[in-house]
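Thanks for asking me to look through this one. Here are my notes, written to be read with the structure open beside you.

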Amino acid sequence: MRIDLHTHSTASDGTDTPAELVRNAAAAGLDVVAITDHDNTAGWTEAVDALPRGLTLVRGMEMSCIGLGEDGLPVPVHLLAYLFDPTDRSFAEERERLRGERMERVRAMAERMVADGLPIDPDAVLASAGPSAGRPHLARALVAAGVVPSVDAAFEELLAPHGPYYVEKGDTPLRRAVEMIATAGGVSVIAHARARKRGRLLALDDIRELAALGLGGLELDHPDHSAQDREILADLAAELGLLTTGSSDYHGANKTIRLGQFTTDPAQFEVLAGKASGVPVITS
Ligand SMILES: [Zn+2]
Ligand SMILES: [Zn+2]
């Protein structure tokens, strides 16, 4: 049984439509796939409607949160939320707040650029970005306008936290997100908690406190985790009684990772599915 619990579609920053994602998952020999776009559930219906025979779909989301770093300062954290009830009121309102907040942030950054005379059109950037608007969309606009040679250059200079156009994000505090997902009948799993190349790391003691608040698990096998990081997380999961997952974090053509490159142990998946009460897994 091959289970991949973390993938992105065009509902966020992947390149497969939700329908293509489930078809490609079946073609890749997966038995179970989760759709986990950033901060929205917009791909769920299309994925369900296109689900190939024999493939099981887990509806999920990857939420942008703020936790406590190893250095005691706030750190961005991605939290996977599985099988929650999308109509749960407080969680739905929080997603709505994030959506508005995301658009406002990109607009604020774009307007600072305009004020400095850069050839950026805030409306055009927002129109092309859609619901998961973020710095990548601004970076691509800066490249297209010839302001910087590459997306990487945009991130290293103009869009960096110390750069001239950066605006803080209003992401959800990790504790609050864990509690909201649990209340909505979902299971929360911290994504790539030891992915050093993405920046500073979440404090292990913060994970210990989250476990007491209803955190479900830790993503163990991930393209950005070293063998040593996996060991640290496996020990912590055993200590805290958390489930562990493995996933590709597939983004289609936006990254080189293949569907099913890392997978979740079937027994762990059983635990995850058994804990959830928001929406069921779907098999066509
Ligand atoms: Zn992530
Ligand atoms: Zn992801």
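The points below go through the model region by region.

1. **Ground rules.** This is a predicted model, in which local features need pLDDT of at least 70, side-chain atom pairs count only at pLDDT 80 or more, and totals for chains, interfaces and linings use all residues. Residues are numbered from 1 along each chain as its sequence is written, while chains are lettered from A and ligands numbered from 1 in the order in which they are written.

2. **The cores.** Let's start inside. A nonpolar core here means a set of buried Ala, Val, Leu, Ile, Met, Phe, Trp, Tyr and Cys residues joined through C-beta atoms within 7 Å. Buried means that 20 or more other C-beta atoms lie within 10 Å of a residue's own, exposed means 12 or fewer, and partly exposed is in between, with C-beta atoms placed from the backbone. The largest nonpolar core has 56 residues, and L79, Y82, I181 and I190 touch the most other members. Apart from this core lies another of 15 residues, including V106, M109, A141 and Y165. In soluble globular proteins, nonpolar side chains tend to be buried together.

3. **Helix α7 and I181.** Helices (H or I, at least four residues) and strands (E, at least two) are DSSP runs, numbered from the N terminus. In α7, the buried residues are L174, A177, V178, M180, I181 and A182. They pack against β3 (56-68), β4 (74-82), α3, β5, β6 (187-190) and α8 (204-212). Contact means that two C-beta atoms, placed from the backbone, lie within 7 Å. Leaving out residues up to four places away in sequence, I181 touches A81, F84, F91, G186 and S188. Just after α7, G185 has a positive phi of about 80 degrees.

4. **Helix α3.** Buried in α3 are F91, L98, R102, V106, M109, A110 and M113. These residues pack against α4 (122-129), α5 (135-144), β5 (172-173) and α7 (174-183). Just after α3, G117 takes a positive phi of about 85 degrees.

5. Strands count as paired if DSSP finds at least two bridges between them. Strands β6 and β7 run parallel and are joined by two bridges, with V189 opposite G217 in β7. The chain crosses from β6 through α8 to β7 in a right-handed β-α-β crossover. Right-handed means that, with the strands pointing away from the viewer, the path from the first strand over the helix to the second runs clockwise. Four bridges join β7 (residues 217-221) to β8, again in a parallel arrangement. L243 in β8 is the bridge partner of G217, and L218 stands opposite T244. From β7 the chain goes through helix α9 (residues 227-240) to β8, and this β-α-β crossover is right-handed. Four of the five residues of β7 are buried. On β8 (residues 243-246) both faces are covered, with L243 and T245 buried on one side and T244 and G246 on the other.

6. **Two aspartates to check.** Most residues other than glycine have a negative phi. D39 has a positive phi, near 60 degrees, and sits in the loop between β2 (32-38) and α2 (44-49). D249 likewise has a positive phi, near 60 degrees, and lies in the loop between β8 and α10 (266-275). D39 is buried, with 25 other C-beta atoms within 10 Å; D249 is buried too, with 25.

7. S284 is in the segment after β9 (282-283) and is partly exposed, with 14 other C-beta atoms within 10 Å. The C-alpha atoms of S284 and R53 are 5.1 Å apart, although 231 residues separate them along the chain. Leaving aside neighbours within four places in sequence, S284 contacts L51, P52, R53 and L55. L51, in the loop between α2 and β3, is buried, with 21 other C-beta atoms within 10 Å.
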